[in-house]
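Here are my notes on the model you asked about. Please read them with the structure open.

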Amino acid sequence: MTGLARRRFDAVIVGAGGSGMRASLQLAEAGLSVAVLSKVFPTRSHTVAAQGGIGASLGNMSEDHWLWHMYDTVKGSDWLGDQDAIEYMCRMAPQVVYELEHFGMPFDRNADGTIYQRPFGGHSANFGEKPVQRACAAADRTGHAMLHTLYQRNVRAHTQFFVEWMALDLVRDDEGAVVGVSALEMESGEVMLLEGKITLLATGGAGRIFAASTNAFINTGDGLGMAARAGLPLQDMEFWQFHPTGVAGAGVLITEGVRGEGGILLNSAGERFMERYAPNLKDLASRDVVSRSMDQEIKEGRGCGPHKDYVLLKLDHLGPEVINKRLPSIREIAIKFANVDPIKEPIPVVPTLHYMMGGIPTNMHGQVMMLASSSSGDARGVPVPGLYAVGECACVSVHGGNRLGTNSLLDLLVFGRSAGDHIVAQNLPAQSHRPLPQDAGEQSLARLARLDGAANGERVADVAADLRRTMQSHCGVFRNQQILAEGVRKVHELEARVARTAIGDKSRIFNTARVEALELDNMIEVAKATVVSAEARRESRGAQARSDYPERDDIHWLKHTLWHRDGNRLDYKPVILKPLTVESFPPKARTY
């Protein structure tokens with residue numbers, strides 16, 4: 001047995017963003033001992049950057065219905081979303097929003113005191129007929145308000161936070177059950193084993209594998225790397241959402257709420273070009289459609305600026321009052337990062353990598369799923385004992401090929417809560433911990449020993465920069481066979497380079513160079529899963545837009561991809577088209 005220090009909890013949660021803290025709240029309030037690990041202080045988790053709102057059919061502004069929200073989500077997903085999970089999420093939406101309101105979240109209000117809701121891309125009334133106001137917002141700082149609200153509730157519930165700790169690897173026993181994680185305390189450099197009867201991954205996205213991203217530097221896909229090294233598959237990793245509006249050159253997010261409040265996109269001729277691509281919803285079509293339309297305008301020479309490489313987002317016509325009240329942070333971002341004041345002039349924007357639709361496969365309770373060896377179990381597979389995943393790192397497949405705006409915060413709340421309820425129901429205090437395997441933690445110690453023992457090698461920053469550039473140019477908004485095949489080859493070359501990295505600083509205390517090297521181990525797994533899955537999928541669906549296969553192919557490709565690290569191989573499983581209680585929405589062409 002390795003001589004690592006050990007601590008025991010009922011549940012170990014990796015990640016203190018919206019989903020991790022929503023789950024930990026259920027557990028802590030039920031009296032369980034909960035450890036929440038976070039690389040950064042909890043309120044610095046990337047949920048804090050979410051701007052636009054939480055989608056829920058409250059119907060405060062005009063008539064709305066959860067079934068319409070479900071239709072929009074299925075259509076947005078380009079029919080790759082699982083309709084049972086989508087129904088569950090859309091039905092639960094009003095409940096989790098009201099719950100958050102009761103926790104003290106400062107939503108914007110209407111004159112009658114109800115929660116203010118703004119229009120958002122892809123949100124429609126009566127199955128696509130007209131736009132509807134469904135996004136519950138706190139100005140343009142919704143994620144910020146939500147994260148602080150959840151953190152305060154967790155403090156009240158005595159959740160135990162391990163701040164500036166990095167989880168390294170899952171610990172699995174001989175039967176394949178997850179019994180905890182090995183983790184690095186950044187401050188001291190000490191590695192410890194945290195044992196849990198349940199381990200829950202809530203590590204967020206991995207947008208930092210791309211060069212231009214709205215994601216924070218901490219978004220390195222740690223949970224996915226841990227799952228892949230532990231022999232678990234990653235699902236639908238070819239689907240990455242490019243947000244239509246990142247600040248050109250900086251990548252900082254400009255919320256879709258700007259277009260929800262009436263902002264419009266213009267090309268170099270001053271033309272409102274979205275009317276050509278989506279005559280009905282125009283600037284509020286779904287994100288993949290808007291991103292591709294912008295890319296098309298730029299490719300065809302109608303971009304703005306000296307290099308004609310961006311388009312303009314105009315909001316000065318909304319007036320200073322609306323901008324300062326509803327979009328105060330956006331004005332600040334535009335002034336700081338684009339050097340323009342949106343009250344007077346338009347913001348230069350370009351599609352920027354934003355969100356990971358794929359992830360660790362789970363069911364609606366957040367249990368991580370593996371394919372069943374026989375036909376037993378449900379279509380999602382069989383649960384991995386002791387392991388859950390929620391939030392952006394998980395793929396319960398409510399987002400499919402393209403996430404609907406505001407469904408990210410909703411996903412965190414609904415499935416964080418659902419996983420929490422499922423764990424509480426198991427009466428963990430009455431169960432004992434499974435014994436740790438003999439070699440617990442050895443994989444992590446070997447990874448650290450390699451870094452500490454390497455006298456010379458490649459710089460981590462150089463390899464990471466090459467990885468980001470490779471993913472940006474070979475797995476971007478538009479893809480084809482030649483570009484993707486080249487991408488697969490380059491990512492495999494980069495994998496060999498990752499194994500040869502070295503760090504100059506060998507100290508123990510708060511060694512950020514070591515942390516970045518460990519993050520690169522996770523990023524390379526995510527990149528391999530992404531580019532291998534994308535190369536294999538020969539169709540265009542949602543965010544996977546291929547110029548050589550421009551049509552969606554439901555006959556051959558209406559299925560989920562499962563990537564396995566072992567041998568870089570792919571499996572597939574069916575999309576669940578049958579909802580829980582209502583009629584299925586059969587696939588049809590997407591028009592906005």
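The numbered points below cover the model, a helix pair, a sheet and a serine.

1. This is a predicted model: local features need pLDDT of at least 70, side-chain atom pairs count only at pLDDT 80 or more, and totals for chains, interfaces and linings use all residues. Residues are numbered from 1 along each chain as its sequence is written, and side-chain values use heavy atoms, without hydrogens and water.

2. Helix H5 spans residues 222-229 and helix H15 residues 512-536. They pack at about 75 degrees, with axes 8 Å apart. H5 and H15 are therefore roughly perpendicular (65 to 115 degrees). Axes are lines fitted to C-alpha atoms, for helices over the stretch in contact, and angles run from 0 to 180 degrees between N-to-C directions.

3. From H5, the contact (heavy atoms within 4.5 Å) uses Asp222, Leu224, Gly225, Met226, Ala228 and Arg229. H15 brings Glu519, Asp521, Asn522, Glu525 and Val526.

4. An open antiparallel sheet has three strands in the order E10-E23-E24. Strands E10 (234-235) and E24 (569-574) are the edges, each pairing on one side only. Strands pair if DSSP finds at least two bridges between them. E10 and E23 (residues 559-564) are joined by two bridges. Leu234 stands opposite Trp563 in E23.

5. H15 also packs on this sheet, touching E10, E23 and E24. Its direction makes about 135 degrees with that of E23.

6. Beyond four places in sequence, its contacts include Trp68, Asp72 and Arg134.

Technical notes:
Helix = DSSP H or I, 4+ residues; strand = E, 2+ residues; numbered from the N terminus. Parallel < 35°, antiparallel > 145°, perpendicular 65-115°, else oblique.
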